[in-house]
Amino acid sequence: MHAFRVGGSAGLLLCLSATFTWSTIAFAQPAAPAPTPPTTAPPMPPDYVPASTTPVVVPPELLKLSPSGLTADQVATRAAQTSFTARAAEENIRGAAARVDAAWVAFLPRLTTTARYTRLSDFTPGSAGNIVGTNHPSGIIDFNKIPAGTAFVSTALIFRPVVDNYLLQAGITVPISDYFLRINQNYTAAINSKDAYRFDAIAAKARSASDGKIAYYTWLRSRGAVIVAVQALNDQKNHLRDAQNQFQAGNASRADVLRAETAVTSAELTVERATNLWELSEKQMRVAMHANESEVFVPGEALDTPMPPVVGNLKQLTLEALSARFEVKSVDANAESARQQAAAQRAGYYPQVSAFADGIYGNPNPRRFPAVQEWFPSWDLGAQIIWSPNDTLQTRGLTAEVESRATALAAQRGVVRDGIEIEVVQAFQAVKEADFSISAGKRELASAQEAYRVARELFNNGRATSTTLTDAETELTRSRLDVLNAGIDARVARIRLDHAVGRDAKPFTS
């Protein structure tokens with residue numbers, strides 16, 4: 001649309017000029033005397049410095065394209081490898097893997113071992129009774145038949161404590177009910193949580209890679225903007241030189257010259273701003289790659305190469321995105337982990353059944369009476385059922401909390417899916433718009449270049465005003481920027497589309 005307007009304006013100027021010339025020749029009439037211009041112009045301020053008309057050379061490093069130069073894929077690889085977000089996500093994976101190992105250990109029977117030494121205080125215990133003895137021959141004694149004069153001896157029964165106690169004990173507990181109600185659910189929840197962190201790490205690397213590519217093309221855009229700004233500055237310098245020549249010939253006023261000098265100054269400011277933007281964008285690219293300041297970067301990609309067509313329609317791309325995006329997979333894994341945690345919490349409603357066995361090797365053995373200062377082994381086997389009403393009440397609140405988290409994650413999945421669908425539509429439309437802008441921008445630039453050429457010729461011949469030439473110069477500069485931006489936008493739009501669909505995550509899935 002802009003190209004048509006510029007071309008139409010130039011054609012209109014030519015038509016008006018030709019019509020005016022033909023009318024002057026065919027219907028020549030005495031012209032009214034022109035007002036006599038003032039013979040002297042007011043003096044310029046003492047600190048006034050005329051603008052230079054010397055052309056500015058474009059910095060050579062901006063135009064240097066090297067086969068071994070930096071490419072968008074190289075920036076993406078380094079950005080993904082050095083991303084702090086991706087590194088944090090990988091550390092989360094390590095933590096989740098440790099929780100999986102801990103959950104797996106719960107499948108094993110619980111083993112406990114104890115080694116203990118105890119020193120008891122020594123004291124003289126009281127008598128536990130008396131023992132009566134006789135010198136009668138051993139055997140069964142019938143007290144009714146004991147001969148007269150048999151001697152009896154009474155001795156107090158005292159059990160002296162063993163002050164040095166040694167104990168070696170080993171036990172095993174098998175949580176029978178937890179195998180069905182708690183342990184497997186916790187293990188499955190830990191695995192799903194680990195998968196969610198792994199999906200987050202892949203998504204973080206893909207995002208860093210895409211942002212790195214966009215930073216690269218932003219860097220190229222800023223370099224191209226400097227070139228366009230320098231070209232616009234040189235156009236303004238040419239305009240100033242033409243205005244000075246026309247002023248010397250009496251075809252332009254001093255105001256035209258001053259206006260052209262002002263345009264040169266404004267163009268110089270634009271070059272300075274474009275240069276600052278170039279330096280900022282290069283810094284942003286270095287930060288994305290975490291590159292050293294000593295590295296020198298030159299472009300390794302040309303912006304005039306044709307872009308590959310987009311494969312698939314909008315519906316196909318949306319379905320691909322919903323099945324490939326790792327953000328959706330992460331939410332699904334987290335939701336499943338929460339559901340398994342809720343199932344494990346519900347085990348608190350039921351009694352806990354377990355079997356156990358113990359082996360004791362003690363000196364003295366605590367199960368042996370009376371205590372004797374010697375090593376003696378013993379063992380025991382058993383089963384138990386434990387249930388507490390307090391656990392039931394506590395389980396109700398904990399289960400409700402985890403179930404609400406699972407429900408919230410399920411709702412979050414819908415939010416993520418809706419966002420992805422919108423993202424795909426926007427990226428797909430941006431690609432189509434950018435591709436159209438490339439062809440339209442080329443036509444616009446060709447029209448603006450021709451309009452500028454005609455306007456300058458008319459101005460140099462005294463048949464156009466300085467304002468007309470300024471408009472043509474502005475249109476030419478804008479057309480150059482449109483062509484530059486169209487090439488960059490087409491590449492950035494494809495990067496965003498690949499990310500929206502999930503294709504940029506494929507290199508990080510292995």
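Visitor: How do you know that the span of α11 agrees with what a helix should give?

Guide: Bear in mind that this is a predicted model. α11 has 36 residues, and at 1.5 Å a residue they should span 52 Å. The end C-alpha atoms of α11 are 52 Å apart, so the two values agree. Just after α11, Gly502 takes a positive phi of about 100°.

Visitor: What about α4: what span should its residues give, and how far apart are its ends?

Guide: Helix α4 runs over residues 84-105, which makes 22 residues.

Visitor: What makes you say that the buried residues of α4 line one face?

Guide: Those buried residues are Ala86, Ala89, Ile93, Ala96, Val100 and Ala103. Looking down the axis of α4, they fall within an arc of 80°, so they line one face of the helix. The face turned away from them carries the exposed residues Phe84, Arg94, Asp101 and Ala102.

Visitor: Which helices do the buried residues of α4 pack against?

Guide: They pack against α3 and α6. At the start of α4, a side-chain oxygen of Ser83 comes to within 3.3 Å of the backbone nitrogen of Thr85.

Visitor: Why is Ser208 called buried?

Guide: Buried means under 20% relative accessible area. Ser208 has 13% relative accessibility, so Ser208 counts as buried.

Visitor: And a lysine: why does Lys237 count as buried?

Guide: Use the cut-off of 20% again. Lys237 has 3% relative accessibility, so Lys237 counts as buried. Lys237 has its place in helix α6. Beyond its neighbours within four places in sequence, Lys237 is in contact with Ser52, Thr53, Thr54, Pro55, Val56, Val264 and Glu268.

Visitor: What share of the chain is buried?

Guide: Buried residues make up 35% of the 510 residues. The accessible surface of the chain comes to about 30200 Å², and 60% of that belongs to carbon and sulfur atoms.

Visitor: What makes a set of residues a nonpolar core, and how many residues has the largest one?

Guide: The members must be buried residues of nonpolar kinds such as Leu, Met and Phe, joined through side-chain atoms within 4.5 Å. The largest core has 43 residues. Leu70, Tyr216, Tyr217, Trp219, Met285, Met289 and Phe297 have the most contacts inside this core. The elements giving two or more residues to this core are α3, α6, α7, α10 and α11. The largest share, 14 residues, comes from α6.

Visitor: What is Phe297 in contact with?

Guide: Apart from its neighbours within four places in sequence, Phe297 is in contact with Leu70, Arg78, Trp219, Arg223, Met285, Arg286, Met289 and Ala291. There's also a second, separate core of 15 residues, which includes Val424, Ala427, Ala493 and Leu497.

Definitions and conventions
Residues numbered from 1 in each chain as written. Predicted model: local features only at pLDDT ≥ 70, side-chain atom pairs only at ≥ 80, totals over all residues. Heavy atoms only, no water. Buried < 20%, exposed > 50% of the residue type's maximum accessible area, 1.4 Å probe, protein only. Helix = DSSP H or I, 4+ residues; strand = E, 2+ residues; numbered from the N terminus. Contact = heavy atoms within 4.5 Å. Expected span 1.5 Å × (residues − 1). Arc of directions from axis to C-beta. Polar contact = N/O pair within 3.5 Å; in protein donor to acceptor, adjacent residues only side chain to side chain. Areas by Shrake-Rupley, 256 points an atom, 1.4 Å probe, with all protein chains shown as cover.
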